[in-house]
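Please open the model in the viewer and follow the stops below in order.

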Amino acid sequence: MRIIRDRAVVEDDFVHVPDGAEQPIGAKPIVRLADFVVVRETLLARHAAVGVRVSPDTLPADIPDLQRLALIAIEFPAFTDGRGYSVARLLRQRHGYRGELRAVGWVLRDQLQFLERCGFNAFELQPGKPLDSALEAFDEITVTYQAAVDDARPLYRRR
Amino acid sequence: MYQYDDYDRRIITERADQFRGQVSRRLSGEITEEEFKPLRLQNGLYMQLHAYMLRVAIPYGLLGSAQVRKLAHIARTYDRGYGHLTTRQNLQYNWPKLTEVPAILDELASVEMHAVQTSGNCIRNITADHFAGIARDELEDPRPYCEILRQWSTFHPEFAHLPRKFKIAVTGAPGTDRAAVRFHDIGLRIVENASGERGFEVLVGGGLGRTPMIGEVVREFLPKRYLLSFIESILRVYNLHGRRDNKFKARIKILVSALGIDEFRRRVEEDWEASRTPELELADEEVARVSAFFAPPPYETLPANDRVDALVLGRDRELGNWVRNNVVAHKVPGYSAVVISVKKPGIPPGDVSDTQLDAIADVADRYSFGHVVVTHTQNLVLPDVKTSELPGLHAELRALDLGEANANKLTDVITCPGLDYCDLANARSIPLSLEIAQRFDRIDYLNDVGDVSIKISGCINACGHHHVGNIGILGIDKRGEEFYQLMLGGSPGNDASIGKILGRALAQDEIVDAVEKVLGRYLDARESPDERFLETVRRVGFDPFKEAVYGTADLLETTGDSP
């Protein structure tokens, strides 16, 4: 599957493991948080990189071994559900999470810029949506007034 | 007023281009209507009953004359020759074509205007006291903080998909609240603490709609430098924990009341302690930079004795009534603020034509340093008029059909678009306001009844703010017919209260009669002509009014209809 990572279209090297599956395969699985919690030591020992998929009502404190995760995928059950934006900011700014932060679910081109500003660096777009032209969305608005993950200074400290 | 620099200009120009792309991707089918909807809403484009409506942001209601002329031009070129002033100090066009909206945005951008976040589940236009900067009772001009908040909220990446819309209002006059701060998601009052330091009292969780609530204090005194970081924490707690399963329970007021103000405050303070950074503090230099744009205009030094009383009592009765009702005292000697009422028999409240807008721009240039303010009561204010020039201004406004002497009076009705335009409405509200305007179009009667607010909503979403009308009217649907509930006792100000239903709902041909009966009873019951309608209602209670409207038999009924 092709995804956007760090503003480029790439082939995904991670594999989503279905909810509740017992044996993840492949070097880089993404497992549901509930499954990860049960077998996390084995997973982290066996796999080169482990990703965890969380629902948007998951707060960073609910994710164990945060700093050992290579990837956190935050689900967007609807593109109008904005909780993931706050969760991402908390992960990056308050918990210092530096791994891949991926937006999955109902993710659309017109959210990319805001998602990136909140700390996401990877995106699985809604199936069927063009990926290459979506890259243009990152540069549509080139001035940002607020402090966010991309810059801790509001515009008035940069003006 | 605030002037854009290259940064501000770029963001608004790029926004117009971005929306042009979104429209073309919608027209090509790349995005569905469902996916397009939040995009267009965040750009003020709302689907009404018959057509799209475009809501243009007027930050804290302030306009320069060039902007007013541009609004007139857009009304003439892209719409049907008029615009509609809204209860949130904005202006909306009722008939724009989707394909022409990007061009309208370009036109707006050319005069430093936009339609950003005027609809949708995001932080909306920041509103303020319409006499900001000129009111005698003002502690400090709130507009610099409104502009700082406007910039902070514009395309805030974290808060673009909130559970529901989010409205912030600011007042700098702690003694008189003209911005209804207790009925906003966040209300800010500039106050002074015991040591004389200025800051904000922060209220949260007020609102109208289906579940009217009066905002509660979440922070008694917030030093100014923490304005943005603290509001950001309120928004974050709301964004993470506000309900998303039911749009009628999604406003922050529901979260605040479910948690209780103490638990809500604890969560906000906890987030704030963990997230505030030195960078987020509002720098004095930034406050000074923005405040400089709101420096007073070059007033002349004029004698304090400005002869307003002489005008009120003078031989020209029309002028006298207008000065008495529409002219407001100004903090600078020799100047007055003038309310231009657009409420006139035969015209839907808030509607202004392109020719009127052009003429108002012209009058503003000649009489008021080129400034015009939109009020949440759907009128306009010329903030800085020389008192000696009031007679000339009045003559010109009369010639433009803008000389109605009814500010804050019975016929200065606030109304939503209602069933004539809106697909949420249960009943029409504009015809009702027109009937009120016609029925009570007698200046002596208006003056006798004095200050009273009538607010009409066509459905329980309460866009006409009926809960806070001294007299509130709510349109409901009763077995397919339009009926109206009558409420008394609401107030949006420092003495905030939510009106209560008087009795059973009334048919369309009964409701204005009922208003007249209520007013008749008030005139009989008041202790003196100085006792305002609201004061009388609060003093004597509902029974005399119930009796006047429904007769004695209905007094036995203890409950009215509820929606």
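Two strands pair if DSSP finds at least two bridges between them; strands (E, at least two residues) and helices (H or I, at least four) are DSSP runs, numbered from the N terminus. The model is predicted: local features need pLDDT of at least 70, side-chain atom pairs count only at pLDDT 80 or more, and totals for chains, interfaces and linings use all residues. Residues are numbered from 1 along each chain as its sequence is written, while chains are lettered from A and ligands numbered from 1 in the order in which they are written.

Select strand 1 and strand 2 (residues 52-56) of chain B, which pair in the antiparallel sense over three bridges. Here B:M47 stands opposite B:Y52 in strand 2 of chain B.

Now display the whole of chain B, with its 18 helices and 21 strands. Its C-alpha atoms fill a box of roughly 60 × 60 × 55 Å, taken along the principal axes.

Finally, show both chains: 29 residues of chain A are in contact with 32 residues of chain B. Helix 2 (83-94) and helix 3 (112-117) of chain A each give two or more residues to the side of chain A that touches chain B.

Technical notes: Two residues are in contact if their C-beta atoms, placed from the backbone, lie within 7 Å.
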